[in-house]
Amino acid sequence: MSSSPALSARGGKLAFLVVGLCWLAVLFDGLDMFIYGSVLPHLLETKTFGLTPDQAGDLGSYATFGMLVGALTAGTVADRIGRKQLMIGCVTLFSLASGICAVSGSVAVFGLGRTLAGVGLGGLLPTAISMVSDYARGGRVAITIGMLMTAHHAGGILSAYVAKWLVEPVGWRAAFWVCVLPLLFVPVLLKFLPESLSFLVAKGRGEEARTLADRYEVELPAVTGKKTAADRWDALLGLFRGGEWSQTLLYWLASFGGLLLVYGVATWLPTLMRGEGYELGSALTFVVVFNLGGIVGMLVAGRAADRFGAPRISAIWFALTAVGVYLLSIHMATGVTMVVVFLTGVFLNSAQTMIYATVSIRSTPDNRATAVGWTSGMGRFGAVFGPWLGGQLLAAGNGDWGFTAFALAGVSSMVFIGIAALRSARQPQRSNDQEELVAAH
């Protein structure tokens with residue numbers, strides 16, 4: 001970025017515009033992701049569609065499976081149509097899919113809506129992270145992405161309030177109609193969100209990129225060589241050469257348990273707290289407190305990792321998460337429970353991110369993106385399994401084991417990341433990889 005004060009100020013305004021628009025898009029992403037968990041206690045109590053706990057778990061997994069598909073295909077689609085267009089497409093898709101849920105008359109149609117919503121949700125977040133990385137001011141990429149990630153948890157908070165304000169007086173369908181409203185945001189993105197400069201340069205649209213850069217008085221990104229399919233395949237094989245295969249599998253297993261925990265708790269927290277005897281209003285308040293903890297955790301975890309090391313922080317965070325989740329199975333005074341839920345949110349939501357930090361730091365530059373991406377991808381299978389597991393436990397009349405099962409997932413991730421850190425003989429190669437590790441979440 002140029003050192004000219006006027007140019008720097010202009011570039012700062014562009015960064016603020018892009019980050020602001022992407023933050024709102026991710027806010028809607030979080031709202032749509034968490035709204036199912038927020039209305040789930042009502043759906044089960046009223047036996048909507050004759051819904052059973054095991055079916056409810058399946059429905060929760062449909063969205064996370066859709067997110068897996070969306071996340072895995074986002075890069076390829078973005079390379080073809082551009083990041084701006086993909087973001088617009090994702091917002092449109094999950095908004096319309098919520099409309100399908102709102103008008104659904106059966107579990108099958110509702111499940112279709114949640115699956116399609118998941119595809120849009122899974123594609124939006126990595127694309128938005130790429131966009132803000134392009135336009136973040138020099139030296140502020142990590143903190144910019146950290147701020148963007150807070151929007152997802154803010155969406156979770158919003159989902160709890162939408163459920164509290166609308167479900168009882170109006171009905172659960174109203175909550176999903178609210179999730180259709182982001183369609184009104186699409187024209188704003190069309191008009192004001194610039195295309196990614198990196199995409200324009202990579203596609204050889206230099207004149208268009210130069211015009212955009214001149215308009216906002218920012219520098220063009222450097223032209224980099226594009227990796228071929230053979231290069232990407234070789235980078236993947238590199239994760240298993242020599243003694244690396246054991247490290248790779250340990251990271252994947254840790255990521256699987258971490259995302260099982262994240263999405264299992266996100267889906268079932270209100271229902272499980274309801275089963276512990278708390279009123280529906282209190283159960284939804286726990287969602288707010290949990291996501292507030294997530295925001296705080298995202299802002300402090302990176303600093304702790306920089307000081308004490310990402311592997312150590314990840315293992316400690318998972319241990320504390322396991323303790324917190326297990327304590328939620330015990331009916332305590334509401335105030336004490338609020339504190340436990342908040343602290344669990346702090347540690348849970350950033351423990352997984354620290355796995356990506358560990359992988360990023362301990363990877364070589366030529367396979368770092370592949371290592372982090374595949375660690376995230378394997379973890380997504382845990383994200384599918386977590387909601388299903390909660391539903392199966394409730395269906396079998398073992399709902400009180402739900403928190404215990406999720407706590408055990410936290411313990412397993414603590415063990416796997418701890419063993420991986422002990423077995424690794426590499427020294428950290430760089431400490432400024434926050435943009436990569438957060439992008440994988």
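Leaving aside its neighbours within four places in sequence, which residues is S314 in contact with? Select S314 in this predicted model, and then show what surrounds it: once those sequence neighbours within four places are set aside, S314 is in contact with A351, M354, I355 and I417. The residue belongs to helix α13, and because its relative accessibility is 0%, below the 20% limit, S314 counts as buried.

Before going further, display the whole protein as a cartoon. Its secondary structure comes to 17 helices and 0 strands, and buried residues make up 55% of its 441 residues. Of the contacts with a separation of 6 or more, 82% are accounted for by residues 24 or more positions apart.

Next, select residues 280-308, which are helix α12, together with residues 310-327, which are helix α13. These two helices pack with their axes 7 Å apart and at an angle of about 125 degrees, and they are therefore oblique to each other. To see where they meet, show the side chains of A301, A304, A305 and F308 in α12, and those of A310, R312, I313 and W317 in α13. By class, this contact has 7 nonpolar residues, 1 charged residue and no polar ones.

Now move to residues 244-275, helix α11. With 32 residues at 1.5 Å a residue, this helix should span 46 Å, and the 44 Å between its end C-alpha atoms agrees with that. Look along α11 for W268, where a kink of about 60 degrees lies shortly before the proline P270. If you colour α11 by burial, you will find that 25 of its 32 residues are buried, so the helix is largely enclosed by the rest of the structure. Following α11 is G277, a residue whose phi is positive, near 105 degrees.

For the last stop, select the loop between α1 (5-45) and α2 (53-81), where K47 lies. Although K47 is not a glycine, it has a positive phi of about 55 degrees, and because its relative accessibility is 59%, K47 counts as exposed. F49 has its place in the loop between α1 and α2 as well, and F49, which is not a glycine either, has a positive phi of about 60 degrees. Is F49 buried, partly exposed or exposed? With a relative accessibility of 27%, F49 counts as partly exposed.

Conventions
Residues are numbered from 1 along each chain as its sequence is written. This is a predicted model: local features need pLDDT of at least 70, side-chain atom pairs count only at pLDDT 80 or more; totals for chains, interfaces and linings use all residues. Side-chain values use heavy atoms; hydrogens and water are left out. Axes are lines fitted to C-alpha atoms, for helices over the stretch in contact, and angles run from 0 to 180 degrees between N-to-C directions. Helices (H or I, at least four residues) and strands (E, at least two) are DSSP runs, numbered from the N terminus. Angles under 35 degrees count as roughly parallel, over 145 as roughly antiparallel, 65 to 115 as roughly perpendicular and the rest as oblique. Contact means heavy atoms within 4.5 Å. Ala, Val, Leu, Ile, Met, Phe, Trp, Tyr, Cys and Pro count as nonpolar, Asp, Glu, Lys and Arg as charged, and the others, Gly among them, as polar. The expected span of a helix is 1.5 Å times one less than its number of residues. The bend at a residue is the angle between axes fitted to the seven residues ending there and the seven starting there. Buried means under 20% relative accessible area, exposed over 50%, partly exposed in between (1.4 Å probe, protein chains only).
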